[in-house]
Amino acid sequence: ENLEHIEILFSGLFFGNQEELKKIQKNVLEKINEDEWDNIRKTIMKNEINLSKAVKRMNINEKEMEKLKQYVILLRVPPSYGEMFEILGRRVGKD
């Protein structure tokens with residue numbers, strides 16, 4: 001019902017009933033549109049690529065930093081709106 005900080009449903013670790021989480025995720029996707037989903041993805045992306053402390057500690061140059069950001073995005077940011085529906089459609093009720 002409250003869509004503030006809804007990105008937490010699609011990122012990070014979750015300890016609990018995975019099947020229930022998938023149902024909630026699917027319900028949220030049904031209530032939002034593609035633009036809203038893109039905003040959720042952008043929020044997750046922004047949070048995931050905030051690597052400034054690591055860069056300072058490890059002396060990472062700009063070119064290496066850009067590569068790291070791309071790797072993080074590929075591994076940690078949810079797929080597109082349509083792909084999420086497809087994935088959740090396959091997963092809900094099957095695990």
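Predicted model: local features only at pLDDT ≥ 70, side-chain atom pairs only at ≥ 80, totals over all residues.

Biologist: With which residue does the side chain of Lys69 meet in a salt bridge?

Modeller: A salt bridge requires a side-chain nitrogen of Lys or Arg within 4 Å of a carboxyl oxygen of Asp or Glu. By this rule the count comes to one salt bridge. At 3.7 Å from N to O, the partner of Lys69 is Glu66.

Biologist: How far apart are Lys69 and Glu66 in terms of helical turns?

Modeller: Both residues belong to helix H4. Because they are three residues apart there, the separation of Lys69 and Glu66 is about one helical turn.

Biologist: And Glu66, is it buried, partly exposed or exposed?

Modeller: The relative accessible area of Glu66 is 35%. That value lies between the limits of 20% and 50%, and therefore Glu66 is partly exposed.

Biologist: Which elements give two or more residues to the lining of the largest pocket?

Modeller: The largest pocket holds about 470 Å³ of space. Of the 21 residues that line this pocket, the closest to its centre are Phe10, Ser11, Gln25, Met84 and Arg91. The elements that contribute two or more lining residues are helix H1 (18–31), helix H4 (62–76) and helix H5 (81–91).

Biologist: How many residues of that lining are nonpolar?

Modeller: The lining of the largest pocket includes four polar residues and four charged ones. The nonpolar residues of the lining number 13.

Biologist: Is Gln25 buried or exposed?

Modeller: Gln25 lies in helix H1. Leaving aside residues up to four places away in sequence, Gln25 touches Leu9, Phe10 and Leu88. Its relative accessibility is 11%, under the 20% limit, so Gln25 counts as buried.

Biologist: What is the phi of Asn59?

Modeller: Asn59 has its place in the loop between H3 and H4, and with a relative accessible area of 71% it is exposed. Most residues other than glycine have a negative phi. Asn59 has a positive value, near 55°.

Biologist: What distance separates the C-alpha atoms of Ile8 and Tyr81?

Modeller: Ile8 lies in the segment before H1 and is exposed, with a relative accessible area of 62%. Along the chain, Ile8 and Tyr81 are 73 residues apart. The distance between their C-alpha atoms is 16 Å.

Biologist: Among contacts between residues at least 6 apart in sequence, what share joins residues at least 24 apart?

Modeller: The chain has five helices and zero strands, and from the N terminus on its elements run α-α-α-α-α. Its C-alpha trace spans about 45 × 30 × 25 Å along the principal axes. Of the contacts in question, the share joining residues at least 24 apart is 70%.

Notes: Residues numbered from 1 in each chain as written. Heavy atoms only, no water. 1 Å grid on protein atoms, 1.4 Å probe; cavity = no way out; pocket = protein on both sides within 12 Å on 5 of 7 lines; lining within 4 Å. Points joined across faces, edges and corners; volume = space filled by probe spheres on them. Helix = DSSP H or I, 4+ residues; strand = E, 2+ residues; numbered from the N terminus. Nonpolar A, V, L, I, M, F, W, Y, C, P; charged D, E, K, R; others polar. Buried < 20%, exposed > 50% of the residue type's maximum accessible area, 1.4 Å probe, protein only. Contact = heavy atoms within 4.5 Å.
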